[in-house]
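Have the structure open as you read.

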Amino acid sequence: MKIEATGYLLWSYFLFIFVCLQFFRAFFPINFSSGLDQNTSEGFNELQDIPHFERSILMIIDALRYDFVEQMPFTKRLVNEENACLVKLKVHPPTVTMPKIKTIVSGSVPSFIDVVLNLNNGQAMTSDNLLHQMKKNNKSIVFYGDNVWTKMFPAKNFFTRKGENVDSFFVNDFYGGDNNISLAIHKELNTSDWDLMILHYLGLDHIGHVLGALNPTIDAKLREMDGIVNEIYENFIKDYSENVIFITGDHGMRDAGGHGGSSQDEIQVPLIVLGVNCDKVTENYDQTDLATTAAVLLGLNIPETSNGAVIPELLSHLSDEEKLLVLNQTSQRLLEKISSQFGYEITTNREFFFQLNEARNAHNEYLTTKNPVPFMTAALKYASASQEMRSLLTANTVKYDMSSILVSTFAAFTITLKIIAVIFGHVTHIEFKSSPKAILKQFFLIIFSCILSKSITTDLSWMDFSCVVITIWISASNLLYITQRNNLHAMLKVYQNFQNLTLLQLVLVVLYAFHAISLVSSSYVEEEHQTWYFFFNTFCVVLFLTDVKSTFTTQIRPQWRTKLLEWMIFFGTHIFARRLNQTGDKWINVPDVGDFLVMPENKFLLTIFVIFGEILLFRSVFSEAWSKWTSISVGGCLVAIFAYRASSGVLLPNIDQRHSDACLAAFWIGIGLILLSTVTNKEISKMKIFVVTIVLVSALIHKPHNIILNAILVITSRFVTYKIKETMFSKEPDSSLMIILIHFCMGKVFYFYQGNSNSLATIDLTAGYVGLHHFSFAAVGVLLTLNTFNGQILSFLLLIKNSMKKSSGKENTKKFSCDMLLKTYIVLTTTPICFYLVVMILFRYHLFIWTVFSPKLLYKFYVMLLNFVMTSSVFVLNKV
C-alpha cells in the first residue's frame with residue numbers, strides 16, 4: 001500500500017503532537033500532593049490546645065493586587081490604627097484562579113498544567129486542605145461566589161449552604177454576581193449555624209480584563225468591596241473577640257488588566273486579617289503560609305500538603321510561651337518533611353538546621369529565665385529557618401517522570417529526522433509492506449517496546465504505560481526508516497541543498513535557526529518580539545534594496561520615485577504598527593499609542609482612528625469581482641462593528657447599550673450574505689470570501705484600535721508577495737519558498753503587533769465574550785484563538801489565497817505550491833519544538849522555568865495544534 005508523501009508527513013505531524021503530549025504529562029504532572037489518608041504527627045496536635053478563634057470568614061477578592069488596598073479607605077484606616085494586620089504575600093505562577101485557590105487552602109504549589117484545568121473550572125481536590133480539616137472537626141461551611149469552589153469540592157452537602165456564580169468566566173458581569181454574594185452576606189451575618197464562610201468576589205477581576213486596572217470603574221469596585229468589609233467588621237468582628245476574617249486576593253493584575261504571568265503586580269497580593277491586632281508587618285511572606293497560619297489560628301491540624309511556614313506577626317493574641325510553641329512545632333514539621341524527602345544527612349548540613357538548633361537552645365533558655373532576649377532570638381531563628389525550609393520545599397515540589405520525558409523527547413527527534421529524510425529525499429510516496437516479514441518485524445518492535453517500557457518506568461497507570469509503549473514503538477520504527485541507506489543519503493543532501501540556496505534564502509534559514517537557539521535565554525523568550533521584528537525588517541530592507549537596484553537599471557525616473565514613495569509608506573506604516581501596542585516584559589508598562597487612544601478623554605480621536613481603520617480595511621479586501629450586494633454586505637458589517645463598539649461606550653456617538661444585540665445581529669446577517677455570494681456569483685473566489693469573513697470576524701472581536709492591523713496585514717501580504725515575484729525571486733521554487741517564509745514571519749510579527757507576548761497575562765479574555773450572554777467553552781475558545789493568533793491564522797490564509805490565485809489553471813504548479821507550503825510549515829513548526837524540549841529538560845530547575853519557559857512551551861504547543869489544523873485542512877481541500 002502506497003501513501004502520498006504529503007499525507008504521510010501530516011500523519012508524522014500527528015504522531016509528533018502525540019509524543020509532545022507525553023512530554024506534557026511527564027513534565028507537568030497534574031497531581032503531586034499527598035492524599036487525605038496521611039496522618040499528621042501526634043506532636044503537632046499540641047497546637048490545638050492553644051487559644052484559637054471559633055468562627056471565621058475567608059473573603060477572596062479576585063485579582064486584588066497589593067497596592068489596591070490604598071484605594072479602600074475603611075480597610076486602610078483599620079490597618080493604620082492597628083486594628084487589622086496587612087501582610088504582603090508572594091504568589092507563585094501561573095497566576096490564575098484555580099491553582100491559587102489550591103494554594104490558599106492547601107499550602108502547596110500546584111502544577112503548572114493547572115492553568116489548563118482552570119479553563120474548565122478545575123477538578124475535585126483530593127489532597128489535604130483546610131476545608132477537609134474543618135469537616136473532620138465537624139465544622140459547618142457556607143460558600144458564596146466563584147463556582148470553581150463547588151467544582152473543587154463537589155461532595156453533596158459539603159457546604160451547608162451555597163450560592164455559586166453560574167458563569168464565573170463571563171467577564172462582562174461586573175456587578176450581578178457580586179451583588180448576589182452581598183445579599184447573602186446580610187442573611188448569613190444574622191445566623192450562627194456556620195463556622196466558616198467563604199466569599200469569592202469576581203467583579204474586580206472582570207473589570208480588569210475588560211477595562212484595565214487604571215480605569216475609574218476599578219476605583220468604584222474597590223470602594224464597593226471596602227463597604228462590604230465595613231459591614232462584616234461591624235457585625236462580625238467589632239464586638240466578637242472569638243471571630244477572625246481573612247481578606248486576600250488569589251492573584252494580582254497587570255495595568256493592562258490581565259494576569260497569568262509573573263510581573264510584580266501579578267504576584268503581590270495583600271492578606272488583611274481582621275480580629276488580630278499587630279504592628280506594621282515589614283516582612284514579605286508566601287501565599288503558601290496562609291494555610292499553615294489559618295490552621296493555627298482556627299485550631300486545626302495543618303494540612304499535610306502544606307509547605308508553608310507560620311506568619312509570626314499574626315500570633316499577637318498568644319502569650320510568648322504559646323508563640324514559641326507554635327513556631328517550634330511548625331518548624332519541626334517542615335524539618336520532618338525535608339528529612340523524608342532529601343534524607344537526614346543532607347538536612348543536617350543545611351543552614352536552617354543550625355538555625356533550628358540555636359532557636360531551640362534560646363527557647364529552652366527563655367522557658368527557664370523568662371528573659372526577653374532569648375525569646376527574641378528564638379522567635380527570629382525559628383521564623384528564618386521556617387522560611388528557608390518553605391522555600392526549599394516549594395522549589396522541589398514537582399516530581400518529574402524523567403523516563404517518559406526522555407523517551408518522548410527522543411521520539412520527537414526521530415519523527416523530525418524522518419520528516420527531513422522524506423522531504424530532502426524527494427520522496428513522492430511511502431510504501432507500507434504487508435508481507436509476513438514486515439508484520440513480524442513490527443510484532444517484535446512492539447514486544448521490544450513493552451519490555452523496555454516496563455524496565456524504565458514505575459508506578460504508571462495502564463493508560464500512561466500504554467502511551468509510553470506507543471512512544472517507544474514510534475521511535476524504533478522511525479530509526480529503522482532513517483537508518484536505511486537511501487534515507488541516510490537523503491539526510492546528507494540537506495547540506496547540499498544549503499549550498500544551492502541564494503544568499504537571502506540562506507540568511508533567512510540561519511535566522512530561523514538562530515531563533516530556535518535563542519530560546520535558551522529567558523530574556524530572549526520574554527523579548528521574543530525583538531527577534532521577529534529584526535527578521536522581518538532585515539528581509540524587507542534587503543527586498544527594498546533589490547527592488548531599488550532593479551528600478552535603477554531601467555533608468556525610468558518616475559517609476560523610481562513611485563517605488564521609493566511606496567517603500568517609505570510601507571516602512572512608516574510598520575513603525576506605527578510596532579508602536580501601537582507595547583509587548584514583551586521589559587517595556588510592557590511603557591505607554592503606547594493604544595494606551596493613549598483608549599483614554600476616556602480621547603474618545604473622539606479613537607473614533608476617527610477606527611473609522612480610518614475600517615475604511616482602509618474595506619479597501620484592502622475589496623475585489624472588482626464583487627457584486628454590488630457583496631460590497632454593501634461587507635460595508636454593512638463594518639458599520640455594524642462600529643455601532644456595536646459605540647453601544648459599549650467606547651466610541652462616539654453614544655448608542656444605548658440595549659441596541660448592542662441588534663448591531664451584532666446585523667453583523668451576522670451581513671456575514672451570511674457574504675457567504676451566500678459564493679453560491680450566486682461563480683466568479684467570486686471562495687477562498688477570498690473565506691478570508692474576508694475571517695478578517696471581519698476578527699475585526700469584530702479585536703480591541704477597536706487594533707482593527708487597523710488587519711488592514712495592514714492584508715496590504716503587507718499583497719505588497720511583499722508582489723515585490724518578491726517582481727524582483728530576483730521570480731523563478732519556482734525560489735519565489736514560493738520566499739513567500740512562504742515571509743508569511744510565516746509575518747504571522748509572528750503581527751501576533752506581537754497586537755500586544756501579545758509569551759506571558760499568559762497578555763491574553764485578551766474580553767474577545768472571547770463578544771456577543772455572548774453566557775459562558776460557552778467552545779465559543780469562547782474559538783473566539784479567543786481567532787483573536788490571539790489572528791496574525792498566524794490570517795497570514796496563513798493570505799498565503800493560501802495568493803498561491804491559489806497564482807496557480808489558477810495550472811494544476812501542477814498549484815500542487816507544487818501546496819506541497820511546498822505544507823512541508824515548510826511542518827519543518828518550521830516541529831524543528832524548534834524539538835530543540836525547546838531539550839531546553840526544558842536542561843532548565844527544569846531554572847529559576848524561571850515556571851514563569852518564562854513553561855508558558856512559552858504552552859504557546860508553542862497550541863500554535864503547533866493550530867498549524868496542524870490549518871495544514872491538514874489545506875491538504876484535504878487540495879484533494880477535493
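## Strand β8 and its partners

Isoleucine 245 has leucine 274 in β8 as its bridge partner. The two strands concerned, β7 (residues 243-248) and β8, run antiparallel and are joined by four bridges. Strands here are DSSP runs (E, at least two residues), numbered from the N terminus, and two strands pair if DSSP finds at least two bridges between them.

Strand β3 (residues 84-90) also pairs with β8 in the antiparallel sense, over seven bridges, and valine 87 stands opposite leucine 271 there. Strand β8 (residues 268-274) is largely enclosed by the rest of the structure, because six of its seven residues are buried. Buried means under 20% relative accessible area, with a 1.4 Å probe and protein chains only.

## The disulfide

How many disulfides are there, taking sulfur atoms within 2.5 Å as the rule? The count comes to one: cysteine 85 is joined to cysteine 278, S to S 2.0 Å. Cysteine 85 lies in strand β3 and cysteine 278 in the loop between β8 and β9 (284-286), so the pair ties together parts 193 residues apart in sequence. Cysteine 85 is buried at 0% relative accessible area, and cysteine 278 is buried at 10%.

## About the model

This is a predicted model, in which local features need pLDDT of at least 70 and side-chain atom pairs count only at pLDDT 80 or more, while totals for chains, interfaces and linings use all residues. Residues are numbered from 1 along each chain as its sequence is written, and side-chain values use heavy atoms, leaving out hydrogens and water.

Terms used. Buried means under 20% relative accessible area, exposed over 50%, partly exposed in between (1.4 Å probe, protein chains only). A disulfide is a pair of cysteine sulfur atoms within 2.5 Å.
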